[in-house]
Amino acid sequence: MLALCFAATFTACKKEKDDELQLDAQTEQHNKDANYYRGEADQADNDINNTLRDIPAFGKTAGLQSDPLCGCTVDSSQLSQKTLFFNFDGVTPCFSPSRTRSGQIKVQLISGNFWSDVNAVISIQFINYKVTRLSDNKSVKFNAFKTLQNVNGNDWLGFLLGSKALKYRERAFNINVDFDNGQTAIWNSARTTEWTYSAATQRISFKANGDTIVNGHSNTDSWGSNRFGTGFVINYNSPWSSNTYCGLWRPVSGEAVNHINNNQYKLTLGVDQQGNPSTLNCAYGYKISWVVDGKTGSKVISY
């Protein structure tokens with residue numbers, strides 16, 4: 001009888017421990033997914049915006065030339081309809097991080113005479129847009145439709161001189177995200193992003209903040225259902241900040257809170273290996289801190 005009780009207790013304890021470990025693993029994976037998804041979505045926005053400034057039908061700007069997009073050709077056959085298609089070859093290695101991109105992004109001006117106008121709006125449709133990291137062959141694929149509103153207009157000359165910022169308001173609903181192992185997620189986002197340029201360092205700095213309320217959480221950036229079928233809400237206590245020197249996907253500062261299963265996981269962005277704010281140009285990673293069932297914990301994760 002004692003042996004059976006001990007075995008039952010041991011099994012229950014082991015199951016509880018396994019469940020806790022599985023919860024931690026899922027939460028960690030979800031936060032990695034969030035970083036991966038947002039970083040690549042922001043990089044796509046940057047590529048699109050840099051291209052549009054060179055096309056008079058979108059930007060009424062002459063004399064400025066952006067760098068050619070890595071592994072991408074731009075189809076302007078429907079330019080009369082203010083529409084462009086970005087076609088990615090899926091084989092050319094692109095860097096920071098090293099990855100390939102395949103699929104298509106359709107961009108159309110749906111409000112305003114030019115994308116550079118104040119309050120102009122473009123629609124961005126991701127069509128089997130797939131990003132594959134070459135370091136571990138992990139991939140994420142988007143099929144989605146979102147809009148960007150140009151909040152204060154594009155003053156490209158002022159931007160390149162470092163005196164003007166570019167600011168956009170994003171709205172995206174029911175984004176289908178597919179992972180390489182067959183798992184899927186649904187994301188929604190409502191955020192405002194701001195881009196500034198330093199002529200001295202020739203770097204672009206990026207800042208993002210949530211600008212809606214979901215389930216009572218202000219400054220919500222994104223919400224939906226993660227790859228494990230669990231609902232989540234992510235809001236910011238301080239904006240996500242990154243730059244093109246370290247990579248848009250490697251924030252150097254900011255604080256986000258991930259709400260999952262009535263628990264809160266605070267993400268401190270831009271820390272060193274000990275979890276302290278990094279003093280280097282590029283941070284090691286981010287720190288997750290949580291309180292679950294009255295128990296506290298923390299973990300530092302590298303980018």
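**Exercise 1.** Which residues are linked with Arg191 in a network of salt bridges?

*Solution.* The model is predicted. Step one is the pair itself: Arg191 and Asp221 form a salt bridge through their side chains, at 2.6 Å from N to O. Step three widens the view: the network consists of Arg38, Asp42, Arg191 and Asp221.

**Exercise 2.** Decide whether Arg191 and Asp221 are buried or exposed.

*Solution.* The cut-off for buried is under 20% relative accessible area. Arg191 has 2% relative accessibility, so Arg191 counts as buried. Asp221 has a relative accessible area of 1%, and therefore Asp221 is buried too.

**Exercise 3.** Find the salt-bridge partner of Glu28 and say where both residues lie.

*Solution.* The partner is Lys32, and the closest N and O atoms are 3.3 Å apart. Both residues sit in helix α1 (residues 2-52), where a separation of 4 residues is about one turn of the helix. Lys32 has a relative accessibility of 36%, so this residue counts as partly exposed. Over the whole structure, the search finds 15 salt bridges.

**Exercise 4.** Which parts of the chain does the salt bridge between Asp180 and Lys138 link?

*Solution.* First, the contact: the side chains of Asp180 and Lys138 meet at 3.9 Å, N to O. Next, the positions: Asp180 is in the loop between β6 (166-179) and β7 (184-198), while Lys138 is in the loop between β4 (121-133) and β5 (139-150). These are distant parts of the chain, 42 residues apart. Last, the accessibility: Asp180 is partly exposed because its relative accessible area is 40%, and Lys138 is partly exposed at 39%.

**Exercise 5.** Describe the surroundings of Thr132.

*Solution.* Thr132 lies in strand β4. Its relative accessibility is 12%, so Thr132 counts as buried. Setting aside neighbours within four places in sequence, the contacts of Thr132 include Tyr36, Ser98, Arg99 and Thr100.

**Exercise 6.** Which element gives the most to the lining of the second largest pocket?

*Solution.* The volume of this pocket is about 520 Å³. Its lining has 21 residues, and those nearest the centre are Lys32, Tyr36, Arg133, Asp136 and Lys138. Both α1 and β15 (295-302) supply at least two residues of this lining. The answer is α1, with 6 residues. By class, the lining has 7 nonpolar, 6 polar and 8 charged residues.

**Exercise 7.** How many cavities of 30 Å³ or more does the structure hold, and what lines the largest cavity?

*Solution.* The search finds 4 such cavities. The largest cavity has a volume of about 150 Å³. It is lined by 19 residues, with Asp45, Asn46, Asn49, Tyr168 and Trp195 closest to its centre. Here α1 gives the most, with 7 residues. The lining divides into 13 nonpolar, 4 polar and 2 charged residues.

**Exercise 8.** Work out what surrounds the second largest cavity.

*Solution.* This cavity has a volume of about 40 Å³. Among the residues that line it are Asn31, Asn35, Arg38 and Trp240. Arg38 is also part of the salt-bridge network with Asp42, Arg191 and Asp221. The helix α1 gives the most to this lining, with 3 residues. By class there are 5 nonpolar residues, 2 polar and 1 charged.

Technical notes
Residues numbered from 1 in each chain as written. Predicted model: local features only at pLDDT ≥ 70, side-chain atom pairs only at ≥ 80, totals over all residues. Heavy atoms only, no water. Salt bridge = Lys/Arg side-chain N within 4 Å of Asp/Glu carboxyl O. Buried < 20%, exposed > 50% of the residue type's maximum accessible area, 1.4 Å probe, protein only. Contact = heavy atoms within 4.5 Å. 1 Å grid on protein atoms, 1.4 Å probe; cavity = no way out; pocket = protein on both sides within 12 Å on 5 of 7 lines; lining within 4 Å. Points joined across faces, edges and corners; volume = space filled by probe spheres on them. Nonpolar A, V, L, I, M, F, W, Y, C, P; charged D, E, K, R; others polar.
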